[in-house]
Amino acid sequence: MAATIAMPTRHARSNRDRMLITPEGVALPITLASRGSRAGALMLDFIFLGTAFIAVTIALISLGGGVASLIGQFDMGGSASAALQFLVVVWIIMTFMVRYAWFLWFELGARGATPGKRLVGIRIAARDGGRLTAEMVIARNLLRDIELFLPIGFIASAGADSTPAWLAATAWFAMFMLLPCFNRDRLRAGDVIAGTWVVEAPRRKLEAAMTLPEAAPSAAQYRFTDAELAVYGEYELQTLERVLREGREPAIESVQATIAAKIGRDPWVSDSRAFLEAYYAQLRARLETGMRMGKRKADKFAGEA
Amino acid sequence: MASRPDILGPDLLTAALLRSDRFRIEREADWQRLDAIVTSMEKGRIRRVSDEDLLALPQLYRTVASSLSIARAISLDAATLRYLEALVQRAWFVVYGPRSSLTTWLRGFLGGGWSQAVRGLGLDLALALAVMVAGTLVGWLLVAHDPEWYRAIVPSGYADARVPGASRAALHGTLFGNSEQNGLGAFAAYLFSNNAGVSIMAFALGFAFGVPTLLLLIQNTAMLGAMLWLYHGAGLTLDFAAWISVHGTTELFAILLAGGAGLHIGRAMAFPGTRSVLAAASEAGRRGAQVMAGVVLMLVVAAMLEGFARQLIDNTAGRLIVGGFMLAFWCAYFFAFAREPRTVASDGEPA
């Protein structure tokens with residue numbers, strides 16, 4: 001079975017990063033969703049829910065109005081009142097659905113996310129790295145009922161102008177809303193019960209390889225010696241890669257000047273980008289060769305291991 | 001102008017191709033194929049994915065996962081590594097995602113998963129039952145001691161004609177002769193929505209170590225006890241019992257299960273034993289959720305019985321038969337056939 005382990009501190013980019021071990025034994029870095037994005041997703045879902053609820057209610061009322069006028073015209077009491085009653089049944093069932101089925105239905109889908117979560121790019125996952133089961137989704141959404149809807153019902157039953165009711169409801173809201181702020185994995189009550197957590201859903205395109213000859217034809221004019229390549233490590237290589245992929249001209253020029261100065265070359269070259277691409281490709285070749293031999297150099301401060 | 005004499009020839013150029021790039025070029029087609037399958041499955045367009053692709057998905061997932069492991073060992077191309085990590089994670093979500101077919105889950109659920117979860121509640125179910133019996137007794141005794149309690153226990157919405165001091169005829173009228181009543185469907189839907197809300201709350205409040213669940217159970221059954229006392233005073237005990245048993249055997253059973261599930265969570269969190277609190281809570285929560293899905297089903301049945309059957313069957317014997325049959329049915333379903341369900345819930349193998 002899969003398990004989660006603590007991320008080695010050297011790789012941790014933020015305190016939201018966790019390492020997940022899949023059943024195949026591959027370590028996958030995952031990022032917990034931030035509290036802000038979860039709150040935003042909830043707001044979005046409420047907007048969608050409210051819109052759907054109001055639209056269907058208006059549709060049912062106008063349908064009911066049509067039926068009522070039919071009763072007036074043709075005096076057909078029995079069947080028309082049955083039709084009205086049917087509309088009421090539909091409305092009650094819909095209210096129930098809004099309360100429970102919306103979150104359930106969407107989180108059981110392949111994306112594991114409601115429309116709101118999908119828009120902000122987060123989803124739910126099982127905390128133990130195993131399969132997300134229907135029971136987990138049901139459990140976390142039943143708890144949502146007391147977290148969110150109970151205080152609303154409380155105010156509704158006590159009357160909107162009752163100050164103690166508002167205070168109690170606010171305290172209740174605050175207790176459950178703040179729960180994610182008081183634990184490491186940002187679990188809300190439903191997550192605790194269900195064994196789930198909310199993570200960022202990554203979407204990345206495969207970017208072009210930069211070291212292929214056809215990708216950088218003009219880079220071929222620069223050749224660096226082993227000593228010139230030995231000054232930098234993997235950290236600098238990845239910084240260089242980022243600078244090249246972002247492709248901002250001023251950044252490229254200043255990085256090129258820094259590297260040229262560091263390795264003792266003339267900082268003035270005709271094509272900064274070609275210089276950097278050549279340096280990147282040759283540094284990567286050197287570091288990857290070292291990697292295959294079991295020698296890694298983390299950054300410029302590390303000696304050759 | 002730095003025109004150094006270090007210009008490479010075309011043969012060296014091909015040699016400059018990194019080993020990690022060759023690795024990438026050789027496998028890129030597989031990655032893109034998995035990416036396309038996962039993307040269309042995420043968009044819910046599973047029908048557009050060809051059968052070949054679906055069959056290949058677990059294999060492709062493993063291939064790409066192993067690509068990631070190798071790439072970590074030989075490549076320093078951060079963008080490719082991040083792409084592979086994201087792709088493996090997305091594929092992992094699809095391969096180890098929730099069971100896509102609701103019918104498969106439902107079959108496993110009704111065919112043994114539900115009753116097994118109910119039996120798994122064990123002691124908590126007995127506790128909830130004891131609390132409900134105690135609640136009924138407390139309601140009866142309180143009202144018998146001082147009828148003023150009746151108003152406190154039974155909400156005025158339920159009371160209408162059923163108040164202390166009402167004549168036998170008035171009470172008899174609340175039990176019989178409503179078969180002509182209109183609006184049964186809407187009434188049933190209302191009852192269902194209301195009862196489901198109460199039982200879900202009884203379950204969810206188990207989170208606070210089960211204490212609110214206990215209070216909710218006592219409050220609801222005290223009402224039953226108080227009304228029982230009222231009808232007992234008019235000599236209508238059996239008629240009232242029959243009237244309430246039509247739906248009550250199902251509804252009270254459902255509330256019992258919801259309360260038991262709530263207590264199960266509360267007890268698991270208060271006394272986690274050798275497990276961590278989080279592990280204990282999530283294990284109890286998953287079992288409780290399964291019970292609760294069934295409770296909602298039972299409440300649909302109860303609302304049907306209350307809305308239709310109770311009004312249509314206008315005699316005590318018929319009502320007792322229906323109520324008794326439902327009770328026997330639920331008991332048999334949950335406890336008589338203790339057969340292990342096929343394990344469809346949480347196996348570790350990819351779909």
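**Exercise 1. Domain separation in chain A**

Task: State which domains chain A of this predicted model contains and what distance separates their centres.

Solution. The centres of domain 1 and domain 2 of chain A, taken over C-alpha atoms, are 54 Å apart. Domain 1 spans residues 35–200, and domain 2 spans residues 217–292.

**Exercise 2. The side of chain B that touches chain A**

Task: Determine how many residues of chain B are in contact with chain A, and which element gives the most to that side.

Solution. Step one is the count: 71 residues of chain B contact 71 residues of chain A. Step two is the assignment to elements: two or more residues each come from helices H1 (10–15), H2 (19–42), H3 (51–74), H4 (78–95), H10 (184–204) and H13 (277–312) of chain B. H4(B) gives the most, with 12 residues. Step three is the composition: this side of chain B holds 42 nonpolar, 18 polar and 11 charged residues.

**Exercise 3. The packing of H2(B) and H4(B)**

Task: Classify the arrangement of H2(B) and H4(B) from their axes, and give the residues that make the contact.

Solution. The two axes come within 10 Å and cross at roughly 40°. Angles under 35 degrees would count as roughly parallel, and roughly perpendicular begins at 65; H2(B) is therefore oblique to H4(B). The crossing of H2(B) past H4(B) is left-handed. From H2(B), the contact draws on B:Arg24, B:Trp31, B:Leu34, B:Asp35, B:Val38 and B:Met41; H4(B) supplies B:Thr80, B:Leu87, B:Arg90, B:Ala91 and B:Val94. By class, the residues of this contact are 7 nonpolar, 1 polar and 3 charged.

Technical notes: Residues are numbered from 1 along each chain as its sequence is written. Chains are lettered from A and ligands numbered from 1 in the order in which they are written. This is a predicted model: local features need pLDDT of at least 70, side-chain atom pairs count only at pLDDT 80 or more; totals for chains, interfaces and linings use all residues. Domain bounds come from an automatic or database domain assignment. Two residues are in contact if their C-beta atoms, placed from the backbone, lie within 7 Å. Helices (H or I, at least four residues) and strands (E, at least two) are DSSP runs, numbered from the N terminus. Ala, Val, Leu, Ile, Met, Phe, Trp, Tyr, Cys and Pro count as nonpolar, Asp, Glu, Lys and Arg as charged, and the others, Gly among them, as polar. Axes are lines fitted to C-alpha atoms, for helices over the stretch in contact, and angles run from 0 to 180 degrees between N-to-C directions. Angles under 35 degrees count as roughly parallel, over 145 as roughly antiparallel, 65 to 115 as roughly perpendicular and the rest as oblique. A crossing is left-handed if the near helix is turned anticlockwise from the far one by less than a right angle, and right-handed if clockwise.
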